[in-house]
Amino acid sequence: MAFIEERSRDRLASIPILDPDGILSLDRKPVILTRHRLRGKIRMLEKTFAGPTLTALLLLPTLLLAQESAVLTIHADQPAAKVSPTLYGLMTEEINYSYDGGLYAEMVRNRTFGRDWSGVQHWILIEDGSSSAEMGVDQQTGPSEALKSSFRLRVKQADLRNRAGVLNDGWWGMPLNPNTTYQGSFYAKADSPDLGPVMVSLVSNQSGKTLASTEVNGLTRAWEQIHFTLRTGAIEPSHANHLAITVAHPGTLWLNLVSLFPPTYHDRANGNRVDLMEKLAEMHPAFLRFPGGNFLEGDHIADRYQWKKTIGPLVDRPTHPSPWGYRSSDGLGLLEFLEWCEDLKMEPVLAVYAGYSLAGEHVNPGPDLDPYVQDALDEIEYVTGGADTKWGAMRARDGHSQPFKLTYVEIGNEDQFDKSGSYESRYPQFYKAIKAKYPDLQLIATRPITSMKPDVQDDHYYVRATENFHDAGHYDKADRNGPKIFVGEWATREGAPTPNFGAALGDAAWMTGLERNSDLIVMAAYAPLLVNVNPGGMQWETDLIGYDAIASYGSPSYYAQVMFARYLGDQTLSSKLEGPGLDPSNPKLFYSITRDSAKRRLYLKMVNASTTAQPVEINLSGAKLAEAGKLISLSAPDTQATNTFDQPTQIIPVESPLPGVSNHLHHTLPALSIQILQLDEQ
Ligand code: AHR
């Protein structure tokens, strides 16, 4: 007796594959056996085999029969609703080292020697051989109003063979690739020209070998920005490296805003990591919600996201504390968010600070709130205004003369936690002022408002997989006369740092509900999106994409997102799922059906969260289906299975042809699987 692992890359259950003449086949294309076809095979088998072999063979297929067939009826000519064109997007904030130490490609950590980092974290003194030096923070001098202090290196003794200086260990290392150019800069001054040239080098932590270096000359007693490039040769890719800045003569050197960038996505200066941007692009996101999340609110009002301090030259950005336990460089500031949108063809969903911070502080509605409302109006003008407006001109000064398209503005974040109830008046105050100037903007409320109907309401869900199975129909009966819905943060929280396959099943079940209700749900976004998996990198468990300094991987949930966003039509269809095997008290089978009206193509998404295969009879009317379709499948042997750094592609979607499609289709979903059937109309 022989078995083949059917679609072994998919890790489906082992199923005996029998040729029509009763021969077990080891190399045939996968066949999904329906009960009807299976019985035929067994009859054939009875003629061919006898005795214990037959008993064993007969027992195994009963596994397949364990689930009763479900019946799915689809009316291709009866659209039920329009699918929101912005249904799937991204939610981000500075959490889990999402930007600094993450997407934002800056390689130098603590580049501004900020005071509340005790000044010199991640900077280590270099005293080679007989050299001698001391380092500290000089509060008396800095390169700008925003950066008033600096790093000071006092070199008492040094020579060409015994250099003194300082090194930076990067964001859990400094990623270097072969034959690559790195763009660097710093602000610096020296007490005397006698200090001589400054050597900037990239050095391997293990071997101590210099992998790239350059000399910087011309330091004066005044602060100046100096640019340099470093180029690696034929090295091995590695993140176990550091940046060294050394001198060969006694004297004093001051530094600030020490920066080093690898090549970035779309070659943007001050840009983003290529691997992460490519992963985000794969998600086909329609929008980007920023800058939070709790990051928008800050622990205290003074720590809120102040967008005006995140624009313009980096030297004019003072940095600020984030509620997630570390300081934000704000190198990825408002314009960089917008350029990120531009790069991935997303629309910004701009969240404006609305007068509530996490420690329970709020700004009273009325005159006290007016400056914050004005700040939001200025921010909208920065995003959308022509270069002839005050803030539009600022954006043009910052390098982007064209205004950005903006449809949605979110007023605050999770204001249900403001126990004073002031959001009841804060939201309307923002609403009135913004609508007066920008009547077309859709304004998102972060909780229900009793005194008025918001345009859109942002709902958040962080749940377990079982909760998603039970709640996948959450919006099926929701009031269509209320506000539109933005599911601004949601995730099945199982697995850390990134979700496991059980979570992906919960996510996929939930997304079938989002799609079914996408007449009401205008947008939805998983959160959090990113996590640096190094020790201390994660503040929030279960994040979609994991990375270290040099590599990244997508979780099973990430691939579920990729599949759902990529294969999405523009209308939902009238449909019904029935069957004796479907247990409403323990739902395990979920689906959504959408149609791309331009391509005349259907996407049937099905999720089987059960550990047994699930046969489905699909009856489609109102269109004639072409015989050849496509199957996209994501599955795993158990719910704990996941992707990791060592095995980043254990669980990935597998595409295969789907032959023999007809209007009456028998399909068996493997145990623990998420599948999409792409069906073309003739
Ligand atoms: O996504 C993590 C956090 O969860 C967000 O910052 C906040 O909005 C929510 O409570």
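**Aromatic pairs**

I began with two phenylalanines and noted that F469 is buried, and that F590 is buried as well. I kept in mind from the start that I was reading a predicted model.

I then ran a search of the whole structure for aromatic pairs, which returned 29 of them. A pair of aromatic rings is described by the distance of the centres and the angle of the planes, and I wrote down both values for two pairs.

The first entry is F295 with Y305, a tilted pair with 5.6 Å from centre to centre and 55° between the planes. This pair links distant parts of the chain, since F295 belongs to helix α6 (residues 294-297) while Y305 sits in the loop between α6 and β16 (320-321), 10 residues apart. I asked myself why F295 counts as buried. The reason is that its relative accessible area is 1%, and buried means under 20%. Y305 counts as buried too, because its relative accessibility is 4%.

The next entry is F469 with F590, a stacked pair with 5.5 Å between the centres and 25° between the planes. Here F469 lies in helix α11 (residues 465-471) and F590 in strand β30 (residues 589-596), so that the pair links parts of the chain 121 residues apart.

I also noted one aromatic cluster, formed by Y97, W171, W172 and Y326.

**Nonpolar cores**

How many residues does the largest nonpolar core have? I found 108, and the residues with the most contacts inside this core are L280, W340, F430, V487 and I674. Helix α12 (residues 501-516) gives the most to the core, with 8 residues.

A second, separate core has 36 residues, including V108, M174, A190 and F228.

**The largest pocket**

Rolling a probe the size of a water molecule over the atoms shows where empty space is left. For the largest pocket I noted about 680 Å³ of space. Its lining has 28 residues, of which F261, R268, A269, N270 and L314 are the closest to its centre.

Is T450 buried or exposed? T450 counts as exposed because its relative accessibility is 72%, and exposed means over 50%. I located T450 in the loop between β22 (442-445) and β23 (456-463), and noted that its C-alpha atom is separated by 7.2 Å from that of E424, 26 residues apart along the chain.

T542 also has its place in a loop, the one between β26 (530-532) and β27 (545-547), but T542 counts as buried because its relative accessibility is 1%. Leaving aside neighbours within four places in sequence, I found T542 in contact with residues including T492, R493, E494, P499, Y526 and P528. The C-alpha atoms of T542 and A503 are separated by 9.1 Å, and these two residues are 39 residues apart along the chain.

Notes: Residues numbered from 1 in each chain as written. Predicted model: local features only at pLDDT ≥ 70, side-chain atom pairs only at ≥ 80, totals over all residues. Heavy atoms only, no water. 1 Å grid on protein atoms, 1.4 Å probe; cavity = no way out; pocket = protein on both sides within 12 Å on 5 of 7 lines; lining within 4 Å. Points joined across faces, edges and corners; volume = space filled by probe spheres on them. Core = buried A, V, L, I, M, F, W, Y, C linked by side-chain atoms within 4.5 Å. Buried < 20%, exposed > 50% of the residue type's maximum accessible area, 1.4 Å probe, protein only. Helix = DSSP H or I, 4+ residues; strand = E, 2+ residues; numbered from the N terminus. Phe/Tyr/Trp six-rings, centres within 6.5 Å; stacked < 30°, edge-to-face > 60°. Contact = heavy atoms within 4.5 Å.
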